[in-house]
Structures are given as structure tokens and as C-alpha cells.
Amino acid sequence: MNSLESEIEPETGTETETAAEPLLKATDLQKYFETETGLTERILGNQQYVKAVDGVDLSIDRQETVGVVGESGCGKTTLGRTLSKLYEPTGGTIEFDGEDITDLSSKELRELRSRIQVIFQDPLSSLNPRKTVGEILGKPLEIHDIATGEAKRERVAELLEEVGLQPSHASRYPHEFSGGQRQRIGIARAISIEPDLIIADEPVSALDVSVQAQIINMMKRLQRKYDLSYVFIAHDLSVVKHISDRVMVMYLGNIVEQGPKDAIFNNPQHPYTRALLSSIPTIDETPEKRRTALQGTPPSPIDPPSGCPFSTRCPEYIGPECSDEHPELETVADKPGSIDAPEDVPTILEEYESPESHHAACHWLERSGDERWSHEAPAIGERGE
Amino acid sequence: MSNPMLEIENLHVEFETEDESVQAVDGISFEIHPGEVYGIVGESGSGKSVTALSIMALLDSNANVTADRVRFDGTDLLSKTDSEMRSIRGGEISMIFQDPMNSLNPVITVGEQIAEVVRHHGDVNESTNLVQEMRRKYVTGTSADSASWRRAVELLETVGIPDPETRAQEYPHQLSGGMRQRVMIAQALAGDPSLILADEPTTALDVSIEAQILNQLLDLRDEFGVSVLLITHDLGVVRETCDRVAVMYAGELMEKAAVEELFEDPQHPYTRGLMQSIPRLTDDREMLDVIEGSVPNLAAKPPGCPFQDRCAWAFEACTQPLEEHEVDPGHDVACHLHREDIPEELGEWNSPTAVRTDGGDDR
Amino acid sequence: MGILANVFARFVDTDKARVFGIRTDMLERLGLVLGRDRKAQLGVAIVGIVGFMAAFAPILAPHDPMGQDFPVLLEPQFVGAGALGTDSYGRDMLSRLIYGARISLLVGIGAVAVGAIIGMVIGLVAGFFGGLVDDVLMRMIDIFWAFPYLLVAIMLVAIFGQGLWNVIIALGFAYIDDFARIIRGEVLALREEEFTLAARSIGLTSREIMVGEIFPNTIAPLLVMYTVLVARAMIAEATLSFLGLGVRPSTPTWGSLLGQGRGFVTEAWWIGILPGLMIVITVFGINLFGDALRDAFDVRRSEGG
């Protein structure tokens with residue numbers, strides 16, 4: 001879908017945003033989990049929460065692919081499951097096709113299921129080992145009154161062919177397939193009821209390199225054929241860049257940067273995005289210097305930093321404002337502090353200008369770019385609380 | 001160059017099951033020089049992990065290992081007895097596994113786990129009898145005053161763990177994934193090895209942590225001059241870390257070369273296919289180029305080249321046994337396309353524009 | 001080897017995938033397991049013979065098991081009486097053993113069925129819903145477990161009186177906690193598997209997931225548990241009969257025969273040894289049979305299809 005647009009020309013983006021309303025829109029979405037606590041703590045009210053998703057706004061257009069990237073524990077999987085209503089949100093609202101789906105009766109929920117589908121990371125764990133492929137693919141057709149009996153069997157055969165398997169595979173069990181074939185089955189289940197939106201949670205990260213490419217190409221083909229929208233959750237930035245129209249970067253339950261993929265990759269503004277981009281191993285050239293490694297590990301989502309979530313590891317830490325004030329997502333365009341990324345980010349384009357729709361949450365955006373270039377962050381141990 | 005640290009010649013590993021025998025490793029040869037990081041890259045089922053385990057003699061009894069030569073630092077490993085192998089394992093050769101949570105003992109402090117290796121392989125003159133070991137591990141908890149414990153703390157510091165005295169007294173579950181992998185590396189270093197076998201050491205880690213760990217490995221190589229056999233599925237990791245690399249497919253080595261050469265000038269259709277199927281940050285292909293089909297069943301491999309069914313350039317000769325062709329000094333390719341007498345219409349296969357994939361997903 | 005599979009196939013409408021709720025491919029798998037596994041064959045043979053004895057006892061038994069014949073009290077075999085001698089009332093041992101199989105099997109299988117059904121429901125609900133439901137149900141099971149099972153059975157028999165069905169129910173109650181625990185454990189693990197989430201994502205309700213998706217995955221451990229406990233229940237029935245709390249003493253069961261034999265170990269060893277031997281052999285056979293069933297029902301273990 002983006003094939004005809006050139007790499008350098010920024011997407012105007014505004015007409016899609018105003019013309020049609022988005023397919024899915026989440027506002028200030030939160031999902032907290034209770035930590036394991038004993039009875040006494042529960043009575044004393046000392047219950048702690050893991051803030052897996054902590055106030056996320058996002059919208060997904062029709063036939064669009066939105067990539068969500070982040071490291072393990074950043075809340076991307078929880079975000080996907082909350083958007084697909086597999087988890088009940090703790091706070092915020094979700095609208096789907098103009099209707100509020102935050103609270104639904106079980107009947108309404110069942111109807112919603114036929115429009116939002118999920119592809120899971122582990123294709124073996126997500127297929128019931130005691131069901132044949134025919135049963136696994138036939139079930140959604142039955143539940144949503146799409147086909148029964150002979151018609152169902154025919155539809156299952158069609159689906160199997162659609163994802164590159166044989167109709168005769170319907171009588172086999174999941175363990176009889178290879179990893180890539182299992183993921184094809186998972187995808188067939190997701191498209192079986194022709195949904196509008198598929199939330200794919202790391203659909204290729206458990207697969208071998210050559211199989212990954214097969215699955216990614218297939219997902220692209222199916223998107224065109226069935227007019228699908230994707231939320232593509234992954235930790236692999238190269239894969240996300242390949243498949244997405246827009247990209248969101250998540251850290252500790254927050255979106256720290258989002259925008260059209262060209263903007264994110266050619267002009268990354270958040271220090272975390274830059275660090276991620278520069279730490280990807282690349283096969284294109286032998287790096288002259290080794291990848292800049294981020295220091296430390298992410299803080300616990302039970303007790304996140306009060307200011308910027310990245311402030312404890314940030315290589316561009318400014319001062320107390322980073323530790324104290326939570327930066328909001330703001331457009332990057334024309335911000336004084338928006339500057340080119342350092343040279344170790346391989347995708348950087350110097351003359352790229354970010355569109356309005358490119359947002360980042362960083363205190364640097366309000367400061368001057370010259371200051372940012374020359375800034376030396378204090379060591380991690382010497383930062384304020 | 002000096003004598004190789006590890007020499008493998010014509011290694012075969014066969015697994016016997018009830019009704020079939022599987023050739024997991026089918027006649028591979030390579031050598032690793034002192035201070036070198038050697039990569040073996042391949043997909044799952046290619047036999048790369050089995051290769052490492054067979055060098056360490058850690059395979060189950062249903063595995064049948066044969067080779068013309070497995071020499072480590074000039075001595076023959078195949079003729080070693082069990083007890084001789086035990087003293088080599090963790091000592092001169094040590095191993096790092098993919099999942100540090102599963103390979104560290106959950107109920108023993110990490111410091112004690114490293115100290116144990118020191119006692120067994122170092123010259124600290126501390127008793128390693130069973131009663132002593134049990135007392136250290138379960139009763140006194142830490143042997144803080146002993147030389148082995150002090151060495152363990154030192155090692156933790158070497159692998160970049162902050163506040164090593166405190167960390168040494170913690171249990172594996174109290175550490176993050178990256179920290180645990182550093183502990184594994186410290187443990188691997190404890191026996192003062194000259195060769196480390198690292199089996200997917202960063203696969204379970206996030207990219208930013210992966211970079212830290214790989215840098216750590218390279219620093220250790222520079223500092224102590226150990227050789228590293230790095231087993232991975234990730235071509236990016238290979239390019240960033242290794243000096244030389246072998247590409248493995250269905251138990252056989254397809255291509256061996258210096259890293260730079262392999263990536264600039266891959267000479268095997270499989271290597272090329274792999275590289276083209278990876279999405280890159282700097283490309284804007286609409287569809288990825290795909291290797292059709294899937295890995296052959298190891299119990300029923302076709303005769304000749306194992307890649308022939310998926311290869312866009314396969315011709316009659318591909319059913320004949322593979323032989324290595326040296327295309328450049330130090331660059332060997334096991335592919336019949338490098339023979340003198342290939343059919344004329346295949347002559348163009350080596351031109352830079354030669355593409356024989358349709359860009360679709362396979363059927 | 002495929003004979004059993006063919007036999008099954010003949011009785012089965014292959015177009016419908018189920019017979020009596022059991023999937024035909026499972027039956028085929030069972031056939032395959034039986035075809036290649038010697039131990040499974042032995043198990044089936046033993047269970048088959050004992051079952052046959054129980055089913056056709058009136059035809060098979062040479063004498064009336066209650067019929068007394070005073071001239072041949074405590075006679076060993078080959079002395080005019082039955083092939084296996086007579087007991088202290090002159091009743092034919094062979095006939096009593098054959099009839100005994102009926103009660104012993106019925107009590108064994110029936111009692112465990114009672115425990116399995118109740119325990120399974122409790123375990124499924126507790127494991128699936130978790131939280132307070134789990135706490136309450138499992139604490140109840142804990143309390144139950146605190147009583148020795150035999151004591152519970154004795155108490156129940158004392159309250160409701162002797163008799164076949166009371167014994168079955170009394171023993172069955174003792175097995176609830178075994179099933180509840182094992183099923184709950186399985187469900188807790190299965191609930192974390194992504195296919196449960198996947199089932200939710202296609203719109204299945206909790207009840208549908210519990211019964212249609214999770215339950216089938218607990219069948220293999222359930223079967224193993226079942227066969228182990230059938231053996232235990234047969235021995236427990238023998239214990240109850242031995243204590244005089246089982247079914248009426250004149251009714252032949254292996255347990256009561258064993259109990260009677262205790263008085264004559266020196267003069268007429270066969271009265272005690274023969275029923276004891278029957279219990280041992282049957283228990284052994286049932287365990288082998290259970291292993292075969294587990295292999296057949298665990299699709300990941302048997303590469304049959």
C-alpha cells in the first residue's frame with residue numbers, strides 16, 4: 001500500500017486522519033495487573049499493581065498496518081490483548097468502528113470477536129493439541145454461523161489452501177506440523193471469519209529466518225485480499241519497518257514515539273528509539289565501531305519512575321525535569337529540539353522533515369537543538385530521584 | 001598461522017530411535033584458531049547445537065558420534081575417557097547455553113555456582129569432596145572467606161556485573177535475563193578455558209541487552225585470548241561478532257568463509273537466499289525474497305545436496321555427493337554450481353542480477 | 001496389527017467422527033498401540049478375561065456359588081469337587097471366584113467413577129475460575145483429605161448400612177480429592193496456554209472453553225489416575241469385606257473370600273491364596289490397560305495418524 005510513495009517525501013497523513021474515522025481508537029488506555037499478594041496485604045490494602053499499559057492513545061485506520069515495537073516487558077503484548085478485548089481495560093476507552101467497546105455484554109463481545117482477531121506468538125501453544133486442524137478452523141465458522149456441515153468442510157479446505165497448506169491437512173494434529181506451518185494454521189484461524197482487524201503478537205519471532213519471510217509475505221498478500229488492518233507487535237525493528245505503515249515505540253507501558261514509519265526510521269527523536277535503532281545487528285556492513293549498548297535494564301513496572309519512564313537509562317538525560325515531569329507525546333514538526341540522529345543510527349536521512357503526525361514524548365523537543373547536540377548526560381548513578 | 005585450537009574433520013552424529021536413524025550432523029569439517037570467534041549459523045534442525053554438544057561429549061547415549069578427527073589444542077578428544085572429558089568440560093572448554101534460567105541451578109547462589117567451577121578446575125587447593133560441597137551450598141550458603149569465592153566475585157566483576165559482592169550472594173531468579181547470561185559467562189570463564197562454545201547466547205535477550213553481552217564476549221576474547229565457537233541463527237550477530245563463519249543446513253556445511261567475504265560475496269544459493277529473505281532497515285522491498293519450501297526430513301534426506309529441493313538453480317548433478325570447492329583462499333563452498341561442467345543455461349547464476357524467486361510465499 | 005483398528009472401524013460410521021462420544025481416530029490409535037505394545041496386549045487380555053468372567057458368570061460357573069455340599073468341606077482340587085476345591089461350607093471355589101469377579105469389578109470401576117465424576121467437576125471449576133472459587137473448593141477438598149479414606153468409607157457404610165451400592169458410593173467419596181487435585185493442577189497449567197486465549201478470541205464462552213477445549217486435554221492424566229484407583233478400590237473393597245463391612249458376607253467377592261480364607265491358611269491355603277492372586281493379577285492387568293489407553297489418547301505421544 002505504501003509502495004508508490006517515495007521514501008523521502010513525508011506522508012501528508014492529514015487527509016486520512018480527517019476524512020474517515022479510524023477503525024479502532026483507544027484513549028488513555030490502561031491495564032494494570034494485581035501482583036501476587038498474601039491475604040493479609042490484601043486486607044491491609046497494600047495491593048500493588050503492575051502498570052503494564054499506562055495511558056496509551058492510539059488509532060488504527062482501515063487497511064493500515066500499525067507496528068508496535070519495544071523490548072520484553074514493555075507492555076506491547078498486554079496492549080494487543082487489551083485492544084482485542086481479551087483483557088478488560090483498567091481505564092480509558094476503546095472505540096471500534098465508531099462504537100464504544102469498552103464495556104460489552106457477552107453477546108456483544110461475541111459479535112466483536114468476528115471483527116477483531118488475534119495471531120499469537122507461539123503457534124504450538126496457541127493451537128489446542130487435542131484438536132485436529134479441521135476442528136480448530138471449523139470452530140469459529142460454527143460459532144459465528146458462517147458455515148456448518150459440508151459447507152464448513154469446504155471452507156476449511158479453502159482456508160488451508162489460502163495459507164499454503166493442503167486440504168488433507170485438516171485431519172492432522174498441530175504437533176504433526178513444523179513451526180511455520182503451525183503459524184499458517186494460526187493465521188488461517190484468524191482470517192476464517194473475515195475480520196476487519198487482526199492483532200498479530202510477534203507472529204514471526206519464533207520462526208526460522210527463511211520461514212519468517214514466507215509468513216510476512218503471506219500476511220501482506222492476505223491484507224490486500226481481505227482488506228485487513230493489522231496491529232503488528234514485534235521486538236524486531238527490521239521486520240516492523242518492512243510491514244508497517246505507522247510505527248509506535250513502547251517503553252514501560254507508555255508510547256514514547258509514534259509516527260509514519262519513514263519519520264520514525266529516518267528521523268527518530270526519542271533517545272530510546274535511537275538506542276534501539278543503533279543496537280540492531282545489521283548484515284549490511286561490518287560496523288566500524290560496536291553497537292552502542294544501552295546501559296542497565298528497564299525499571300519495574302510496579303513502581304515506574306515518576307517523570308519520564310526512560311529517565312533512569314537515558315543517554316541524553318537533561319536534568320531533574322526528566323526525573324520529575326512526565327513528558328507528553330507532542331508533534332515533532334518544527335520543534336526547536338528536534339534534530340538529526342547521531343550517525344550510528346543506520347536509517348537516518350539528514351534532510352528528512354517530519355510531518356505533523358510524528359510524535360515523541362521527550363523534554364528535549366522544547367529545548368534548543370544546539371544544546372541537545374552538545375549535551376553530555378550525567379552518569380546513571382548521579383541522577384536525581 | 002599457528003596450530004588450530006580446535007580441529008574437526010568429517011564429524012558425523014547419528015541418532016538412533018526405535019524405528020529410524022537420523023543423521024543430525026553429516027560429515028562436517030572446520031577448525032578454529034586461537035583467539036578467533038568462529039560462527040556456525042543455521043536454522044533450527046540444521047545440527048548446529050548438536051555439533052557443539054558432540055564436541056563436549058554431552059549427547060545422550062542414543063547418539064553415535066564418529067569423526068576422522070576431533071582435536072583440541074593438539075590432543076584427540078574422541079579417545080578421551082569419561083573422567084578425562086569431565087576435567088576438560090568447564091575447564092579448558094566451557095559452554096554457554098541459550099537460556100540461563102534453565103542452566104543455572106535455582107536454589108544455589110550464583111557466586112557459589114561459579115566458585116564450584118573454580119574449585120574443580122582452578123588451583124585453589126580447596127577440597128571438593130561431596131560433604132564439603134554440600135555444606136557450602138546448603139548450610140553455610142556462601143564461602144566468603146575462601147579463595148574460590150573471591151575468584152567468583154572477581155569473575156562477576158570481569159563480566160561487568162555492578163556490585164559483585166552483593167550479586168554473588170543472590171539467586172538466579174533475583175537477576176535480570178541479561179545479568180543471568182553474564183553469570184553464565186563468568187561461570188564459563190571460571191575454569192580458565194581456551195575455548196568457549198556459546199550456543200545462541202543472546203537469543204533469549206532483548207536487542208539492547210544482546211549488544212551488551214556480545215560486546216562483553218568480544219572484550220573477553222581480546223583480554224584473555226580465548227577462542228569462541230558462536231552458534232546462532234542470526235546473521236546480524238554473526239556479522240558483528242565473528243571472524244570466520246560456516247553456514248550449516250540439514251547437518252551439512254554449505255559454505256565457509258571469512259565473515260566479510262561471506263556477506264560481500266556469498267557463493268552458495270542457500271546463503272544468498274537466507275540473506276535475501278531478511279528484511280533490512282535500509283531496504284524498501286515490497287515483498288521479501290523467499291526460499292520456497294521447508295527443511296528436509298533428516299531421516300529421509302535426498303541423496304546429494306540437501307538443499308536441492310528448495311534451490312532455484314538445482315540441476316542433475318545435485319543428486320551426486322557434495323564436494324567442497326575452494327572459490328577463494330579460505331572460502332569453501334559445497335555446491336555443484338562451482339563445478340567446471342555446469343549446464344550452459346545455469347552459467348548466469350553467479351551474476352549479480354540473477355534472481356529466481358517469485359517473491360511470493362511458498363505453497 | 002491393524003486388525004483391531006479394522007474391527008473398530010466396522011462398528012463405526014466412519015463419516016461421523018464419533019462413536020458414543022469417542023472419536024474414531026482415537027479408537028484407531030488404540031488399535032495401533034495394541035498392535036505394537038506387548039504389555040498393552042497383556043493388559044487387554046487380563047481385563048478381557050476378568051470382564052468375560054464377570055459378564056458370563058452364570059454360564060461359566062460349574063456350580064452354584066451358594067450351593068453347599070457338606071461331604072466335601074475344605075477339599076482341595078481333584079477330589080470330586082470343583083477344579084479348585086471347596087471352602088469351609090463345601091461351596092465350589094471356582095464358581096465363587098468367577099462370581100466374585102462381578103462384584104469386585106463393579107465395585108472397583110463404579111466407586112472410582114463416582115469419585116472421578118465429582119472430583120473432575122470440582123477440579124475443573126476450581127482450576128478454571130481460580131480465586132475465591134478455587135480457595136473454597138480446594139479447602140473443602142483439604143478437609144476431606146484429612147480423613148483416612150478407609151475411615152470415611154467405614155463411617156458411610158455404618159451410616160447407610162451394608163450393601164453393594166452403599167459400598168460403591170462410600171468408596172467413591174474417598175477418591176474425590178485425588179481427581180479434584182490432579183484435574184485442577186492440569187487445568188491451572190492449561191489455562192496459561194495460549195490456545196485458551198485463542199479460544200476466547202474466536203468468541204467461545206467460559207463454559208465452552210472449559211468443557212470443549214480444556215477438558216479433552218485432561219483425559220490422559222485422568223485415565224492414568226482412574227486405572228490406578230480402580231486397583232486401589234478393589235483392594236479397599238476387599239479390606240471392607242475382610243472387616244465385615246462390605247457387601248453381605250455370603251455374597252462372593254474376592255475380598256470376602258480372602259477374608260474367609262484367613263481362618264484356614266494352614267489347612268486349606270487355596271481359599272485365601274486364590275482370591276488374593278486374582279486381585280493381584282487383575283490390578284496388574286488394569287494398570288497395563290490404563291497405560292495403553294493413555295498412549296492412545298495422548299495425541300502427542302503416539303504418532304499414529
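This is a predicted model: local features need pLDDT of at least 70, side-chain atom pairs count only at pLDDT 80 or more; totals for chains, interfaces and linings use all residues.
## Chain C at a glance

Of the 305 residues in chain C, 49% are buried. Take the chain C contacts with a separation of 6 or more: 72% of them involve residues 24 or more positions apart.

## A sheet in chain A

Now hop over to chain A, where 4 strands form an open sheet in the order E2-E1-E4-E5, with antiparallel pairing. Its edge strands are E2 (49–60) and E5 (99–100), each of which pairs on one side only.

Strand E1 (residues 24–34) of chain A runs antiparallel to E2(A), and 9 bridges join the two. To spot this pairing, find A:Lys31, which stands opposite A:Val53 in E2(A). Helix H3 (residues 76–83) of chain A packs on this sheet, where it touches E1, E2 and strand E4 (91–96). The direction of H3 makes about 120° with that of E1(A).

## A tucked-in helix in chain B

Why is helix H12 (residues 269–277) of chain B described as largely enclosed by the rest of the structure? Because 8 of its 9 residues are buried. Among them are B:Pro269, B:Tyr270, B:Arg272 and B:Met275.

So what do the buried residues of H12(B) pack against? Part of the answer is in another chain: helix H8 (209–226) of chain A. The other partners are in chain B, namely helix H10 (235–241), strand E10 (244–249), strand E11 (252–258) and helix H11 (259–264).

Notes: Residues are numbered from 1 along each chain as its sequence is written. Chains are lettered from A and ligands numbered from 1 in the order in which they are written. Side-chain values use heavy atoms; hydrogens and water are left out. Buried means under 20% relative accessible area, exposed over 50%, partly exposed in between (1.4 Å probe, protein chains only). Contact means heavy atoms within 4.5 Å. Two strands pair if DSSP finds at least two bridges between them. Axes are lines fitted to C-alpha atoms, for helices over the stretch in contact, and angles run from 0 to 180 degrees between N-to-C directions.
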